[in-house]
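Let's walk through a structure together, one feature at a time.

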Amino acid sequence: ERILTKRGIRIVAKLYLIKSEIREGFKEQREPFKSPENDMLYHLLCGQTRASLREGMLINVEIKSITASGIRCRLPSCGLDAWLPAENITVDIREKFMAIKNKFNGDTTDDQCRTERKDLILSFLKQKTHLEARVISIDKAKFSVKLSCLDADIENHDHQHEIPLNADEFLVTNHPDDDSKSAIQRDLKQRLKNRPLRRNITYTEFHNVSREEAEEKLKACKGFGQLIFRPSSRGLNYLSMTWKMADNPDIFVNYLIEEKDKPNPYAIGAKLVIDKEEYDDLDEIYTVLR
């Protein structure tokens with residue numbers, strides 16, 4: 001306290017260190033040594049983390065050698081050994097391997113059996129030096145990786161692989177809404193469903209186009225006030241009209257025209273109604289709104 005008052009320096013911690021050094025001058029201050037666990041040793045020797053190599057990743061491997069049981073590979077990025085069992089190459093090879101095994105009564109050590117199995121793998125490789133495979137498991141104690149080239153694993157249809165890092169346990173990776181192909185099919189069906197029927201109407205300002213196509217046509221016209229009559233998605237008893245109300249920016253207004261007193265389902269109605277206003281024909285509508 002006297003030193004703190006005179007010099008303004010706290011030396012309590014330093015005094016405790018001096019005291020402990022006098023009492024136990026040769027005491028080991030470091031924490032007891034512990035042998036690194038498999039995960040730590042794997043990281044220290046290979047430099048691989050979960051971000052760079054993990055189960056479920058799709059990687060490219062180099063072929064080292066071929067045996068009667070599978071293919072020995074090497075990961076070019078880190079030099080780790082990888083093993084591709086014969087049953088994980090293709091479904092066809094798996095079935096043929098079983099047939100060869102049954103042919104030799106289960107004796108896989110027979111030289112002829114081993115030769116036939118090896119030739120079967122060679123026929124699959126066709127002088128390939130690299131393969132695209134999916135990481136199935138990683139044995140960190142043996143510094144080895146197990147691979148698969150099955151179509152189901154490569155394509156990942158069931159979404160069993162490539163789980164995002166730190167993924168939430170409630171995350172659904174195979175939700176139907178995430179299927180882009182199904183979404184495209186649904187969108188196509190909806191467009192076909194809502195597409196207006198073609199009408200055989202002879203009039204200069206009538207076009208068999210959709211609303212988007214009508215707006216594109218009117219955008220190409222200079223000024224404003226132009227309009228286009230077109231079929232309606234509501235059916236044969238209606239028509240639609242797209243009117244260019246202003247330009248720069250372009251503003252479009254779409255009207256629904258109800259047809260009444262139709263002589264037949266495909267002919268235009270004798271009376272045309274827009275917001276309770278009746279017109280005799282398209283020409284009258286065009287003259288009033290133009």
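The dialogue below covers charge pairs, cysteines and surface patches.

Q: Before we start, what kind of model is this, and how are residues numbered?
A: This is a predicted model, where local features need pLDDT of at least 70, side-chain atom pairs count only at pLDDT 80 or more, and totals for chains, interfaces and linings use all residues. Residues are numbered from 1 along each chain as its sequence is written, and side-chain values use heavy atoms, with hydrogens and water left out.

Q: How many salt bridges does a search of the whole structure find?
A: Here's the general idea: side chains of opposite charge can pair when their charged atoms come close. The rule for a salt bridge is a side-chain nitrogen of Lys or Arg within 4 Å of a carboxyl oxygen of Asp or Glu. Searching the whole structure by that rule turns up ten.

Q: Which residue does Lys96 meet in a salt bridge?
A: Its partner is Asp92, at 3.3 Å from N to O. The two are four residues apart in helix 4 (residues 91-103), so about one helical turn separates Lys96 from Asp92. Helices here are DSSP runs of H or I with at least four residues, numbered from the N terminus.

Q: Where do Glu116 and Lys103 lie?
A: Their side chains meet in a salt bridge too, at 3.2 Å from N to O. Glu116 lies in helix 5 (residues 111-125) and Lys103 in helix 4, so this pair ties together parts that are 13 residues apart in sequence. Glu116 is partly exposed at 21% relative accessibility, while Lys103 is exposed at 55%.

Q: Which residue forms a salt bridge with Glu216?
A: That's Lys219, with the closest N and O atoms 3.7 Å apart. Both lie in helix 8 (residues 211-219), three residues apart, about one turn of the helix. There is also a network: Arg199, Glu259 and Lys262 are joined by salt bridges that share partners.

Q: How many disulfides are there?
A: In general, a disulfide is a covalent bond between the sulfur atoms of two cysteines. The cut-off is a pair of cysteine sulfur atoms within 2.5 Å, and the count here is zero. For Cys73, the nearest cysteine sulfur is that of Cys149, 7.4 Å away. Cys73 is buried, at 1% relative accessible area. For Cys78, the nearest cysteine sulfur belongs to Cys46, 6.0 Å away, and Cys78 is partly exposed at 24%.

Q: Which residues make the nonpolar surface patch?
A: Patches are made of residues with over 30% relative accessible area and no salt bridge; like charges are joined within 9 Å, and nonpolar side chains (Val, Leu, Ile, Met, Phe, Trp, Tyr) within 5 Å. Met40, Leu41, Leu44 and Leu45 make a nonpolar patch of about 400 Å². Leu41 sits in helix 3 (residues 38-46) and is partly exposed at 31%.

Q: Which residues form the negative surface patch?
A: Asp and Glu count as negative. The patch is formed by Asp261, Asp275, Glu277, Glu278, Asp280, Asp281 and Asp283. Asp283 is in helix 9 (residues 282-289) and is partly exposed, with a relative accessible area of 41%.

Notes
Areas by Shrake-Rupley, 256 points an atom, 1.4 Å probe, with all protein chains shown as cover. Charge placed at Lys NZ, Arg CZ, Asp CG, Glu CD. Buried < 20%, exposed > 50% of the residue type's maximum accessible area, 1.4 Å probe, protein only.
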